[in-house]
Amino acid sequence: MTRRNDIRLVFQRRLQEARLRRQLSQKELGVRAGLDPSVASTRINRYELGVHEPDMATVQRLAETLSVPTSYLFAEDERLARMILAFDKLTVVEKERLLKDLESG
């Protein structure tokens, strides 16, 4: 029996990974996502450490700022996370073609 990761731990890890991939400081991410500059660094740090959890509107703004789909931030499986990022880069036509191939196979 496989033990599923705690979704909060997944979010913390994915948020930090996406931030580092975009080469943003915690403060830069927070400010770009619309947080007050005086608390932006602290809030992102607390989200990444799991001290606090953002509301869903904030999660959406963070994802948009990081140029990742919101679903990426909650993907428990590494392969699924990579697929979400790759799928997001495809055109609509490519997405439809891939979905048809996957659904028929």
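1. A residue counts as buried under 20% relative accessible area, as exposed over 50%, and as partly exposed in between. The model is predicted. Asp 6, at 28% relative accessibility, is therefore partly exposed. Arg 8, with a relative accessible area of 45%, is partly exposed as well. The side chains of Asp 6 and Arg 8 form a salt bridge, with 2.7 Å from N to O.

2. The structure has 6 salt bridges. Arg 14 takes part in one with Glu 17, where the closest N and O atoms are 3.3 Å apart. Both residues sit in helix 1, 3 residues apart, or about one turn of the helix. Arg 14 is buried, with a relative accessible area of 0%, while Glu 17 is partly exposed at 29%.

3. Arg 14 also forms a salt bridge with Glu 78, and here the closest N and O atoms are 3.0 Å apart. Arg 14 belongs to helix 1 and Glu 78 to helix 5, so this pair ties together parts that are 64 residues apart in sequence. Glu 78 has a relative accessible area of 41% and is partly exposed. Through shared partners, salt bridges join Arg 13, Arg 14, Glu 17 and Glu 78 into one network.

4. The largest nonpolar core has 21 residues, of which Leu 62, Val 68 and Tyr 72 touch the most other members. Helix 1, helix 3 (40-49), helix 4 and helix 5 (78-89) are the elements that each give two or more residues to this core. Helix 4 supplies the largest share, 4 residues. Leaving out residues up to four places away in sequence, Leu 62 touches Phe 11, Leu 15, Leu 29, Ala 33, Ile 44 and Tyr 47.

5. The largest pocket holds about 170 Å³ of space. Helix 1 (7-21) and helix 4 (56-66) are the elements that give two or more residues to its lining, and helix 1 gives the most, with 4 residues. By class, the lining of the pocket has 7 nonpolar, 3 polar and 2 charged residues. Among the lining residues are Ile 7, Arg 8, Phe 11, Gln 12, Tyr 47 and Phe 74.

6. Is Gln 12 buried or exposed? Gln 12 has a relative accessible area of 14%, so this residue is buried. Gln 12 lies in helix 1. Apart from neighbours within four places in sequence, Gln 12 is in contact with Tyr 47, Glu 48, Leu 49 and Gly 50. Tyr 47 and Gly 50 also line the largest pocket.

Technical notes: Residues are numbered from 1 along each chain as its sequence is written. This is a predicted model: local features need pLDDT of at least 70, side-chain atom pairs count only at pLDDT 80 or more; totals for chains, interfaces and linings use all residues. Side-chain values use heavy atoms; hydrogens and water are left out. On a 1 Å grid over the protein atoms alone, a cavity is a set of points where a 1.4 Å probe fits but cannot get out, and a pocket is an open set with protein on both sides within 12 Å along at least five of seven lines; lining residues have an atom within 4 Å of a point. Grid points are joined across faces, edges and corners, and a volume is the space filled by probe spheres set on the points. Ala, Val, Leu, Ile, Met, Phe, Trp, Tyr, Cys and Pro count as nonpolar, Asp, Glu, Lys and Arg as charged, and the others, Gly among them, as polar. A nonpolar core is a set of buried Ala, Val, Leu, Ile, Met, Phe, Trp, Tyr and Cys residues joined through side-chain atoms within 4.5 Å. Buried means under 20% relative accessible area, exposed over 50%, partly exposed in between (1.4 Å probe, protein chains only). Contact means heavy atoms within 4.5 Å. A salt bridge is a side-chain nitrogen of Lys or Arg within 4 Å of a carboxyl oxygen of Asp or Glu.
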